[in-house]
Amino acid sequence: MPLLLILSSCDLEKDIDVDLPAHEPQLVVECYLEKGAPIRASVLESAGYFEEPTPPLVPDAEVYVTTHTGKRVKLQYKPVLIKSTGRFYTHTSTEIVNGQPGQVYQIEVTDGKGRKVTGFTKLLAKVPIEEVEWKFNDKDEALLLTSFHDDPNTDNYYRYMVHVDSLSGGSDRDMVTSDELTNGKRVSYGSSYKYDEGDTLIITLYHIEKQYHNFLRSISDAKDANGNPFAQPSQIKSSVEGGFGIFTNLVYDRKMVVIKK
């Protein structure tokens, strides 16, 4: 598909024809396992740059998750939006995730076009939040500090999020990091002086897999590059084979605090 670009600089204009390769739709899979929660997944189809922004559904997709015991669970096609979290799922099951850290789950997705997506995730252990504190400045604005200890025996990756009042809206803070510089140390994540007395904050510390860390970082890089002619194009680093997306487990510690003097 030709794309006409007009570049102007110093009153000069030049027409450039860019041949964009034809887009071949692929399966897009997202599945996050949470202990004590039912298995749910979202299966969509990728769309071209100039197509509708909402990826199309794939009603004939079949989704299977194999548990740590070898049980193969089929998820039913039943699109639903969970209002409390804002997450959308296309396939659900009543099977509850009950594995222990170190155990492996597998996903397999197929559809009527012969496409197949597979992936693995190894359950992680929760890293507890040790302390949440805040400090006021002379303008009655508060900064937030969240502290925890990193395990020195493994390479660890984290996602730290702060929501104000509710988890259903966008996060006030969302940070993805590793323990490359903090291995085995007490780690503190802070903020600027941005909170007011009486604010209700929900603080979540996720212990995440390296594949999820890379996936989130690549999404952030792609967003930064979108529409920026000086940015290097970024490819999403999927954790699944045969398509795009992520299959991982979510394990976290969460605290709710009310900012007070």
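## An exposed lysine and its partner

K261 is exposed, its relative accessible area being 63%. In this predicted model, K261 pairs with D140 in a salt bridge whose closest N and O atoms are 2.5 Å apart. The bridge joins distant parts of the chain: K261 belongs to the segment after β17 (251–258), while D140 sits in the loop between β10 (131–136) and β11 (142–149), 121 residues apart. D140 is partly exposed, with a relative accessible area of 40%.

## A buried pair

Side chains of opposite charge can pair when their charged atoms come close. The structure contains eleven salt bridges. One of them is formed by the side chains of R115 and E45, with an N to O distance of 2.8 Å. R115 is in the loop between β8 (104–110) and β9 (116–122) and E45 is in strand β4 (residues 38–45), so this pair ties together parts that lie 70 residues apart in sequence.

Both R115 and E45 are buried. These two residues also take part in a network of salt bridges that links E45, D111, K113 and R115.

## A pair between two strands

A salt bridge also connects E62 and K74, with 4.0 Å between the closest N and O atoms. E62 lies in strand β5 (residues 62–66) and K74 in strand β6 (residues 72–82), so that distant parts of the chain, twelve residues apart, are linked.

E62 is partly exposed, at a relative accessible area of 33%. K74 is likewise partly exposed, at 38%.

How values were computed:
Residues are numbered from 1 along each chain as its sequence is written. This is a predicted model: local features need pLDDT of at least 70, side-chain atom pairs count only at pLDDT 80 or more; totals for chains, interfaces and linings use all residues. Side-chain values use heavy atoms; hydrogens and water are left out. Helices (H or I, at least four residues) and strands (E, at least two) are DSSP runs, numbered from the N terminus. Buried means under 20% relative accessible area, exposed over 50%, partly exposed in between (1.4 Å probe, protein chains only).
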